[in-house]
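Subject: Structure handover

Hi,

Here is the structure I promised. Please load it before you read on; my notes follow below.

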Amino acid sequence: MKAIHVNWTAPFFHKERLRGHGFRTTREINSTAYDVPDYQILYTILSALRWNLLNGPIDLYTDSVGFSFYKQLGIDGLYNNINIDFLNNLKDVDPALFWTSGKIQALRNEREPFVFLDQDFIVRDKIPESFYENELGIGHWEIPRGHYYFTKEQWEREIKHMEFPENYNIYAYSPNTSFLYFNNPKIVDEYVDWHEKMIVNNGDHVPEWFWLATDQGILGHVIREGKYETATLTDRVFLADNDYGNASTQKFGYSEQWYYPMSFDPSKDRIEWEHVWLAKIVYGLDPELLKNDTQRFFDEIWAFGGSKYLQHFRFSKYWNAEKHGK
Amino acid sequence: MENKIVIVRALWGSTERALNEVFSKPVFSNEVVYVWGLENQQMLIERGFKTVLMGEGSTEPEYSTVLLQYYHKLAVIERAGKDYPEYIFLDWDCYLLRPLDDYFYQTLREGNDVQVTLYAYDDKPYIGIPELILCKGNERYNNSIPEDLANYIVGQEIQLRKYSWKHENLLVSPNFCFFYSRRPGIASELIQIAKKNKVENCVEEHAMFLWANCTMDEFIEKYEPKVLQGTSDDTRIFMHLYDYENDPVIKINKYILQRVNKTIYFKHI
C-alpha cells in the first residue's frame, strides 16, 4: 500500500505564534532558518524506512524549503516521489493557527487508496490486507475530554467565523489522525471540504483548541455523518487528559492512557507500531528520555539498512564504532 | 517556489559525486541548468529542469582537467548574463533555508550589481586539507590521497596564497557558491582575467579576487551579500580539527558579521 508523508515548513516561519506545549522544541530553535531537532529527523527516516521495508512505497509532500532540507541531509532518497508544487502554492491559511492544514489539504491529491503517516508514526509490521477492506482506517480512537475538546456552548461563545456544525457530537470518539487510510476519495473530499471551511477565520481570534477540531474532530463528524465503517490498527482507545495511571494506581481511581471497549480484538495488538507523539511533550521535561530515544531511532535505522541516510555530519555524534561498525 | 530572479545552476562531468548533488526536481519555479553532456541534459529534463545545453560532451574540452574544471562556472555565468539581465548562480550544495521573500530581493537589489561571499582556509601547509582527509575517523581515502586530489591540493595552496587576503592566520577568498549579478559583461571580464593570469584550481574565485582588486574590508563592504555565508557556521568542515573559536569558518563568519547584518536564506555546506 502506498503511503505519504507531509512536511509543510510554513508553520516553522511563524513559530513565535505557534501555541501549545508540543511546540516547545520548535520555539526553542534559535534560528530563523528552517531546522528541526535531530530526533525528529531520525524518526522521519525511521517511519519512511520501516514502511518501505514491509508495506510499500512512500511519497513525500513538502515545499521547496523542506525539499532542500531533506536533500541537504541526504534523506530525499527515502521517497519514491516528492511533490513540492502543492504545498508551495498553499495559500489562504494561517500556518500558526492551523499547522496541520498542509497535511490535511495534501490528502486531496491522492485519488487511489493510500495511507497517510505522520512522520513520527513508525509501523514495524506488515499491515494485514483485511485492514484495507474498509473505506477508511485510523490508528485508534480517542475519548475526548479536557483542554482540546469543547462543548457546543464553548464553540458558540468562542468561534465567530462559523456556526457549530449540525449533528456534531461532542461526546463521540475522535479519530487520531496520525495514521489514516482512505480508499474512497469521496471521504477525503468531505473531510477536506469541512477543514477548508473551518480554517477561513477571516482574521478572527480562534482559541488554541480549535485546530484539533479542524483536524481530528471534523473527521469524526464526517465518519458519523457518512456512516463510514472505520478500521483501527488497535482497538485500544486513548483517553485525553488522563492521569498517566497504571495497574498499581488503579485502586486509587487514577485514569490510564489507554482503554479497551467492552468488545475488542486483542489480535490487532500483535501489529507493532509506535507513535512518538506524547513522548515529544515529555522530551522537553526529560532530557535523558530524549537522549535515549534519539539514539534508539538512530540504532534502529542503522540495523534496518538505513545507514546511507545517516551520513550527514550532524548524526556523527550518535555513531559508535563498536555498535555500528565502520 | 516562485522566484523573481532566475536561479542558474551548472552541471558538467559525469562523476558520481557531481550527479548525486543534483536535486530530483527543481527547487524553484524559475531555475535553469546550463549543462554539458547529452546524457546529463536528458537526466535533467526527465527530472523537470529547464536546461541549456552548453556542449554535447560532458565537459568542455578546454576545461577538462581537475585544475581547470571551474572555468565551467564562468562559462555558465557568461551565457546566463546574455540570457538574463539579472540572475543568481547557485551551487548544488547551496540549500534553501527559508522562502525567498520581498526582503531577499530588496536586499540584493539595493546592494552592489555583483555580490559574492567570502570564506577562509587555514594559513598552514597544504591549507590544512591533508590533515582533514587523513585525520582519525576519516578513512575514506585509506590514509592515501588519490594523485588527482593531491595535485589539486598542492595547486590550490599555491594559487590561494596568490589570490587571497591574509587575515590573522587565515587565507580569505571569494566563494563562488552564490553569485548575484545584474552587471552586463562581468563573466567575460572574469574569464579574461583568469586566462591572462593563467589561474588554476578555484578559477572563478581567484578571478573574482583579481577583478575586485581591493582590500578584504573593501570587498566585504562592496560585494558581500546579506543573504548567506560562504560556509555556514554549523557546517564547520574543519570541526574535528579546531575548537569552535579557532575554526576558520567561525572566525571569518564572525568577522564579516561584525560588518554586515545578514538574514540567511541559503546554507552552503
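Which share of the contacts in chain B with a separation of 6 or more comes from residues 24 or more positions apart? The share is 73%. Bear in mind that this is a predicted model.

Chain B overall. DSSP runs give chain B ten helices and nine strands. Its radius of gyration is 18 Å, close to the 18 Å from the globule rule for 269 residues, so chain B is as compact as a globular protein of that length. Along the principal axes, the C-alpha atoms of chain B fill a box of roughly 40 × 40 × 35 Å. Of the 269 residues in chain B, 42% count as buried.

A sheet in chain A. Four strands of chain A make an open sheet, in the order β8-β7-β11-β12, with mixed pairing. The edges are β8 (174-175) and β12 (258-259) of chain A; each has a single partner strand, so one side of each is left without a neighbour in the sheet. Further in, β7 (residues 141-143) and β11 (residues 237-239) of chain A run parallel and are joined by three bridges. One pairing to look up: A:Trp141 has A:Val237 in β11(A) as its bridge partner.

Where the chains meet. On the chain A side, 15 residues are in contact with 14 residues of chain B. Helix α3 (residues 64-73) of chain A gives the most to that side, with six residues. By class, the chain A side has seven nonpolar, five polar and three charged residues.

Best wishes

Notes: Residues numbered from 1 in each chain as written. Chains lettered and ligands numbered in written order. Predicted model: local features only at pLDDT ≥ 70, side-chain atom pairs only at ≥ 80, totals over all residues. Pairing = 2+ DSSP bridges. Helix = DSSP H or I, 4+ residues; strand = E, 2+ residues; numbered from the N terminus. Rg over C-alpha atoms; globule rule 2.2 N^0.38 Å. Buried ≥ 20, exposed ≤ 12 C-beta atoms within 10 Å, placed from the backbone. Contact = placed C-beta atoms within 7 Å. Nonpolar A, V, L, I, M, F, W, Y, C, P; charged D, E, K, R; others polar.
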